[in-house]
Structures are given as C-alpha cells and as structure tokens.
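This briefing goes through one protein model by topic. The sequence and the structure come next, and the notes follow.

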Amino acid sequence: MRWPSVAVVSTVLVGCSLLYNPSNLPSPGDAHIPDADPCALALGDVGPAVIEEGQGDGGSLPALVVLRGENLVNSNLQVALAAVSGTVHLEPVTDAIASADHRFVAFTVTAHVDKALGTAGAVDVPLSVTVSQDAGAAAGMCVSVASRTDLLRLRALPELTASSRPEVSGATVTAQALQPRYSMVDLSGVGSVATFANDGSAAGSAPAILSVVSSITLPDVNADAVGPRAGPGGKQGGSTAGAGAGSGGAGSPAQTTGTGGGGGGAGAALDGGSGADGNGVGGSAGQHLVDDTISSVEIGAPSSGGGGGKGALNGGAAGGSGGGGGGVVVLAAGGDITAGMISAGGGGGAQGGTATLGLVGSGGGGGAGAGGIVVVESDTGTLKVTKINVKGNVGGPPGGGGTAGHGGSSSVGRVRWDALGGTPPSSPDRAPHRGPVFMVPSRVFRSLPQTLTLLGTRDDVFTVRVTDHDHVVHDGGRASFDQTSTAQITPPLSPGYNRICITLASGSQGRVEADKCIDVAVVR
C-alpha cells in the first residue's frame with residue numbers, strides 16, 4: 001500500500017486521565033505492566049538502521065527491525081512507518097512485540113519493490129517511526145505516542161529488466177555493468193535466451209553476479225566460452241605461444257621438423273587431459289580444483305582456459321590457441337529463483353597451423369578450456385531451474401591432421417545450489433553441491449541461549465559471527481555439517497537486534513557465494 005508523506009515531531013505526546021473515578025480503575029483482565037511507566041515512552045535507536053526495497057516480496061522474508069527505547073509495553077502497542085518526504089510502498093506493521101524489560105520492540109515489515117525508486121542506483125529514503133501504546137486502555141488511564149525521523153531508512157534499489165541500461169543491450173547482459181545489488185530481477189523480456197558476457201572493451205574477465213533482495217526470473221542463460229574468449233569470470237585461453245591463464249600447459253615445439261606437441265586441457269572439477277606428443281612433447285594437463293563448495297568466485301579462483309600448443313620450431317607454423325574457461329554465474333536471491341537452462345561450458349582448442357613457403361612442420365592443437373561455475377542460492381524461496389550445463393570441451397587437432405600433437409580435453413565445471421526445500425537442479429555434467437542455508441522457524445526469541453539449524457553438505461566447514469545491536473562483532477567459532485547434512489550452532493546472541501552470519505571455509509566475508517546471514521531479535 002502507499003503511505004503518504006507525513007510531518008512528524010520528534011517529541012513524546014502523552015494523554016492521561018488524572019481525575020479519580022472508581023469506574024475507571026483497571027479490571028483484573030487489564031494488562032499488568034510492572035517496572036515501567038507507559039506514559040513515559042521514549043525511542044532511542046534501531047537495528048538495523050537500513051531496510052531494503054524488496055524485503056518480503058517474491059518469497060523473501062520481510063525486514064526484521066528492533067527498536068530500543070524506554071518504557072515500551074505490550075498494551076495496545078502499535079508501530080507505523082512512513083516516508084518523511086514522498087511515497088514508499090510499505091505494508092502496515094501488525095506484529096510488534098515488546099520485551100519484558102521494556103527496552104526493545106521487535107517487528108517485521110514488507111518493503112515492496114517500487115520501480116519508481118532507485119532507478120539510477122541505490123538511494124536511502126528517510127522514514128518516520130511512530131510508536132503508540134497505552135496502559136489500561138479500557139480504563140482510559142494513559143495513551144503515549146513517540147515519533148522519530150532520524151532512526152530508520154529504506155534503501156531503494158534498481159531493478160534489472162530488459163530495459164535496464166547499461167547492463168542489458170538486446171539479449172546480452174554485460175557482467176562488468178551489473179550493479180552490486182538489485183531489488184528484483186526479471187529478464188524474461190529479453191527473449192528466449194539471455195547471453196551473459198564480458199565487456200569486449202574491458203580488460204580481464206568478471207563473473208556475472210546477481211545479488212537480489214527478492215526474486216530472480218530468467219529465460220535460458222548462455223555464459224559459454226567461445227573459442228579462446230572466456231565466459232564472464234572465466235580465464236582466457238592460452239595464446240598460440242603459451243599456456244592458458246589458469247591451467248593447461250603449452251605443448252613444446254618439434255626439435256627439427258614435424259608436429260609440435262598439443263596444448264594441455266584445463267582442469268576444474270577434474271583434471272584436464274594432457275596434450276598429445278608430436279615431434280615435440282605435449283603440454284601438461286591442468287590440475288583439478290578440490291573446492292566443490294565454491295566458497296569463492298573471485299578472479300583468482302574461477303575456471304581456467306586451456307593452454308595453446310606451440311608450433312614446430314623450424315616449420316614456422318603456429319600452435320592452436322587454447323579454449324577459454326566457461327563463465328561464472330552466481331544467482332543469489334532472498335526469495336524465488338526461476339530460470340530455464342543455464343550453460344557455462346568451456347571453449348574448444350583451436351587447430352594448429354601449417355608451415356608455408358616450402359617449410360615443413362605443423363603446430364600442435366590448442367588445449368580446451370574448462371567448464372565454468374554456476375551457483376544458485378535462495379535464502380527462503382524456491383528454486384525452479386530447468387537444467388545446468390558446465391561442460392568441458394575437446395582440444396584442437398594439429399595443423400597436419402591426425403592425432404600426434406592433438407590438444408588435450410578439459411574438465412567439466414562445478415555447480416552449487418542453496419535452498420531450504422525441493423530438489424537440486426538437473427546437472428548432468430557435475431553433481432550439484434548443496435550449499436548452506438538457515439532453518440529458522442522464528443526470528444524473534446524470548447529466551448537465551450538459542451540453537452539454530454542449517455542444511456548443507458557433510459564435512460563442509462564454516463565460521464560463525466554475530467553483530468549485535470551496538471555493532472559489536474562476536475566470534476561464534478567454527479562448525480561443520482554432520483552425516484545428516486545438518487549443522488547446529490548456538491551463536492552468542494545479545495538483547496535486541498542480532499545479525500548472524502556464517503562464512504564458508506576459504507571464502508571471504510562479505511561475498512555472496514561465501515556468506516549466509518539472517519537477522520534475529522532477542523526480546524526477553
């Protein structure tokens with residue numbers, strides 16, 4: 001619903017009946033409020049200070065907010081939020097609850113996706129927070145109201161659609177142009193296939209990461225490497241004179257005449273294949289990467305391009321270039337993820353050259369690039385992904401044909417899925433690895449300690465940390481998933497707002513592929 005702009009005064013307004021009347025005495029059924037003066041309501045601060053557009057939409061959880069103050073009571077307690085200026089789409093608050101020590105109020109709020117806000121990027125919208133309560137409402141003893149306009153902000157975010165610029169051009173989504181955070185993604189309007197690619201004018205390669213508050217809707221996605229050109233976040237294939245950027249060695253040249261060795265294929269989930277010997281030795285195979293948890297897709301860790309085979313020393317023939325690594329695609333949403341087939345295959349090795357002008361010899365074929373990485377993670381929504389392909393590829397043939405000096409084949413890539421329920425997406429090339437996800441039936445706790453359960457994959461290790469209402473970070477130690485693929489943690493919670501985060505071992509805090517976080521409130 002739309003909330004109008006409201007002018008508020010940051011003072012406490014109190015109305016009390018001071019005339020004695022026996023009929024106004026509270027009945028035994030009225031709320032008893034010990035150790036608090038409900039007529040002296042005061043608001044102090046709030047955690048978190050920012051809620052995000054899209055929270056509560058598309059299968060995601062509503063924002064959880066905790067107010068700290070004085071003399072807060074559960075007697076006709078009401079909380080209202082509105083834009084200080086302009087209009088926002090916030091649902092009314094209906095579940096406010098005060099702590100027994102009268103210092104905290106916890107509530108949830110849905111902040112609907114608003115296509116009129118945040119179109120040029122993230123922007124914060126100040127909100128007014130108004131709390132009202134009474135004591136002995138039937139007796140009319142006291143009604144107290146307090147408002148603040150400096151505590152809470154709504155972070156308006158852009159949406160990613162077919163008309164978003166500069167991220168989308170036709171059916172192509174440029175990885176380097178993606179925003180750090182979106183309220184919602186819906187690319188169904190680009191056609192049957194969305195191509196995720198690197199910016200051709202940009203140096204290097206960047207993974208295609210969609211970090212989204214609510215839901216993601218995509219058609220089929222193509223993030224394949226094409227020849228030596230890597231998919232987004234993959235590594236480029238080796239040049240005709242050297243190894244691939246990540247793995248797959250270069251073939252050695254023939255010592256006199258004949259065929260140079262083939263380039264090695266790139267490794268990823270598995271080892272790549274060695275390049276075949278010609279008159280020169282074939283390139284070495286790329287080694288496999290042991291981290292199926294995919295705790296990092298930073299530029300130092302994506303799939304790798306295969307190495308190019310070198311040409312014959314005296315023949316003047318160039319070796320074939322190596323294939324590029326398949327793309328890196330991360331779809332991280334608070335809510336539902338719906339997509340067709342996602343493909344992040346490696347590029348094939350190129351054929352070696354042949355000698356010209358009467359010279360004798362031919363170049364070895366290039367090694368193939370490895371399959372890429374696909375991560376689909378939903379905090380509380382459902383996954384509906386038709387299929388995920390992370391195929392490897394084959395090496396190129398030598399310039400003179402035949403098998404001597406053929407480039408090595410490459411490994412398949414890796415897949416991870418994080419979701420509370422359902423089945424993993426179909427992934428014929430590599431079995432998908434289940435990432436961590438919180439199972440929390442309630443986010444408001446009335447007592448301590450509390451034990452939380454996570455789902456994941458056996459033996460995956462993670463660290464735990466909690467940021468409390470005063471922004472102090474507490475170390476929650478290390479944990480791992482047991483033989484039932486669950487993990488139980490008892491985080492060090494404090495009264496008020498708490499943000500609990502886990503980080504996969506070898507991952508970096510703050511990265512969507514490594515972190516999993518949830519907000520909880522302690523109001524006891």
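**Briefing**

Glycine 272 lies in the loop between strand S19 (220–222) and strand S20. The model is a predicted one.

**Glycine 272**

- With a relative accessibility of 13%, glycine 272 counts as buried, because the cut-off for buried is under 20% relative accessible area.
- Glycine 272 and glycine 369 are 97 residues apart along the chain, and 8.9 Å separates their C-alpha atoms.

**The parallel sheet**

- Five strands make up an open sheet with parallel pairing, in the order S17-S20-S22-S24-S25.
- S17 and S25 are the edge strands of this sheet, each pairing on one side only.
- Strand S22 (residues 373–378) pairs with S24 in the parallel sense, and five bridges connect them.
- Isoleucine 373 has arginine 414, in S24, as its bridge partner.
- Two bridges link S24 to strand S25 (residues 433–434), again in the parallel sense.
- Arginine 416 has histidine 433 of S25 as its bridge partner, and tryptophan 417 stands opposite arginine 434 in S25.

**Strand S24**

- Strand S24 (residues 414–418) is mostly covered, with five of its five residues buried.
- In a regular strand, side chains alternate between the two faces of the sheet.
- Which residues of S24 are buried on one side, and which on the other? Arg414, Arg416 and Asp418 are on one side, Val415 and Trp417 are on the other, and both faces are covered.

**The antiparallel sheet**

- Four strands form an open sheet in the order S3-S5-S9-S8, and their pairing is antiparallel.
- The edge strands here are strand S3 (42–47) and strand S8 (97–98), and each pairs on one side only.
- S8 and strand S9 (residues 104–109) run antiparallel and are joined by two bridges.
- Isoleucine 97 has alanine 106, in S9, as its bridge partner.

**Disulfides**

- The structure holds two disulfides.
- With the bonded cysteines of the protein numbered in sequence order, the pairing reads 1-2, 3-4.
- Cysteine 142 has a relative accessible area of 3% and is buried.
- Cysteine 501 and cysteine 517 form a disulfide, with their sulfur atoms 2.0 Å apart.
- The link of cysteine 501 and cysteine 517 is right-handed, with 110° about the S-S bond.
- Cysteine 501 lies in strand S32 (residues 496–504) and cysteine 517 in strand S33 (residues 515–522), so this pair ties together parts that are 16 residues apart in sequence.
- Is cysteine 501 buried or exposed? Cysteine 501 is buried, at a relative accessible area of 6%.
- Cysteine 517 counts as partly exposed, at 22% relative accessibility.

**The largest pocket**

- The volume of the largest pocket is about 1,200 Å³.
- How many residues line the largest pocket? The lining has 46 residues, of which Glu52, Arg181, Asp379, Arg499 and Cys517 lie nearest the centre.
- By class, the lining residues of the largest pocket divide into 22 nonpolar, 11 polar and 13 charged.
- At least two lining residues come from each of S3, strand S4 (50–52), strand S5 (63–70), strand S17 (208–212), strand S20 (328–333), strand S29 (461–467), S32 and S33.
- S33 gives the most to the lining of the largest pocket, supplying five residues.
- Domain 1 (42–156) and domain 2 (437–522) both give residues to the lining, so the largest pocket lies between them.

Definitions and conventions. Residues numbered from 1 in each chain as written. Predicted model: local features only at pLDDT ≥ 70, side-chain atom pairs only at ≥ 80, totals over all residues. Heavy atoms only, no water. Pairing = 2+ DSSP bridges. Disulfide = S-S within 2.5 Å. Buried < 20%, exposed > 50% of the residue type's maximum accessible area, 1.4 Å probe, protein only. 1 Å grid on protein atoms, 1.4 Å probe; cavity = no way out; pocket = protein on both sides within 12 Å on 5 of 7 lines; lining within 4 Å. Points joined across faces, edges and corners; volume = space filled by probe spheres on them. Nonpolar A, V, L, I, M, F, W, Y, C, P; charged D, E, K, R; others polar. Domains from an automatic or database assignment.
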